[in-house]
Amino acid sequence: MSDDLAGAPAGPWDTIDDLCAWLEADQPVAGREGLLLRMLKLSEEVGEVAEAVIGATGQNPRKGVTHTWQDVEAELCDVVITAMVALRSLTPEAREVFGRHLARVASRPRAAGA
């Protein structure tokens, strides 16, 4: 697997496959429960985005500014990765499922000026 200029592996889905294999080899809870827990992990990651946004904007008066917008970027990446892992855990055809869904979303009519 060759790296691109950003240092990421050539294919994100190849990396997701590797992450899933690693997670499945060492998961404390397997089967349906394990799959459901993997889905719940997505909620945890979204909460970390919220925490980072609150921290970047200083909205908690007790804590002040605790995060940067780069922290928010990293947390959003974690959400994307976790969603991809969850989808791949649900179906081995994750690449195709995502590709078809993305094509449908991209083909939706868009409001003028939006």
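1. On a 1 Å grid over the protein atoms alone, a pocket is an open set of points where a 1.4 Å probe fits, with protein on both sides within 12 Å along at least five of seven lines, and a lining residue has an atom within 4 Å of a point. Volume here is the space filled by probe spheres set on the points, with grid points joined across faces, edges and corners. On that basis the largest pocket holds about 360 Å³ of space. Its lining counts 17 residues, and those nearest the centre are Leu23, Leu37, Arg38, Lys41 and Val85. Helices H1, H2 and H3 are the elements that each give two or more residues to this lining. Helices are DSSP runs of H or I with at least four residues, numbered from the N terminus.

2. A word on what we are looking at. This is a predicted model, where local features need pLDDT of at least 70 and side-chain atom pairs count only at pLDDT 80 or more, while totals for chains, interfaces and linings use all residues. Residues are numbered from 1 along each chain as its sequence is written, and side-chain values use heavy atoms, with hydrogens and water left out.

3. On to the charged pairs. A salt bridge means a side-chain nitrogen of Lys or Arg within 4 Å of a carboxyl oxygen of Asp or Glu. The count by this rule is 6 salt bridges. One of them pairs Arg95 with Asp14, with closest N and O atoms 2.9 Å apart. That pair brings together distant parts of the chain, since Arg95 sits in helix H4 (residues 94-106) and Asp14 in helix H1, 81 residues apart.

4. Through shared partners, salt bridges join Asp14, Asp17, Arg88 and Arg95 into one network.

5. Arg95 counts as partly exposed because its relative accessibility is 35%. Asp14 falls in the partly exposed class at 30%. Arg88 is partly exposed at 22%, and Asp17 is partly exposed at 25%.

6. Cysteines next. How many disulfides does the structure hold? The number is 0, with a disulfide taken as a pair of cysteine sulfur atoms within 2.5 Å. Cys20 is in no disulfide, and its nearest cysteine sulfur, that of Cys77, is 17 Å away. Cys77 is likewise in no disulfide, with the sulfur of Cys20 its nearest cysteine sulfur at 17 Å. Cys20 is buried, given a relative accessible area of 2%, whereas Cys77 is partly exposed at 45%.

7. There is a nonpolar surface patch to look at as well. Leu19, Trp22 and Ile81 make up about 300 Å² of it. Patch residues have over 30% relative accessible area and no salt bridge, with like charges joined within 9 Å and nonpolar side chains (Val, Leu, Ile, Met, Phe, Trp, Tyr) within 5 Å. The areas come from the Shrake-Rupley method with a 1.4 Å probe, and for residues only the protein chains shown count as cover. Trp22 is placed in helix H1 (residues 12-25). Trp22 counts as exposed because its relative accessibility is 58%.

8. Some positions to check by eye. Thr68 is in the loop between helix H2 (31-57) and helix H3 (69-90), and is partly exposed with a relative accessible area of 37%. From Thr68 to Gly113 the C-alpha distance is 31 Å, at 45 residues apart in sequence. Gln27 is in the loop between H1 and H2 and counts as partly exposed at 27%. Gln27 and Leu76 are 24 Å apart, C-alpha to C-alpha, and 49 residues apart in sequence.

9. Last, Glu33. This residue lies in helix H2 and is exposed, with a relative accessible area of 54%. Glu33 and Ile16 are 17 residues apart in sequence, with 20 Å between their C-alpha atoms.

Definitions and conventions:
Buried < 20%, exposed > 50% of the residue type's maximum accessible area, 1.4 Å probe, protein only.
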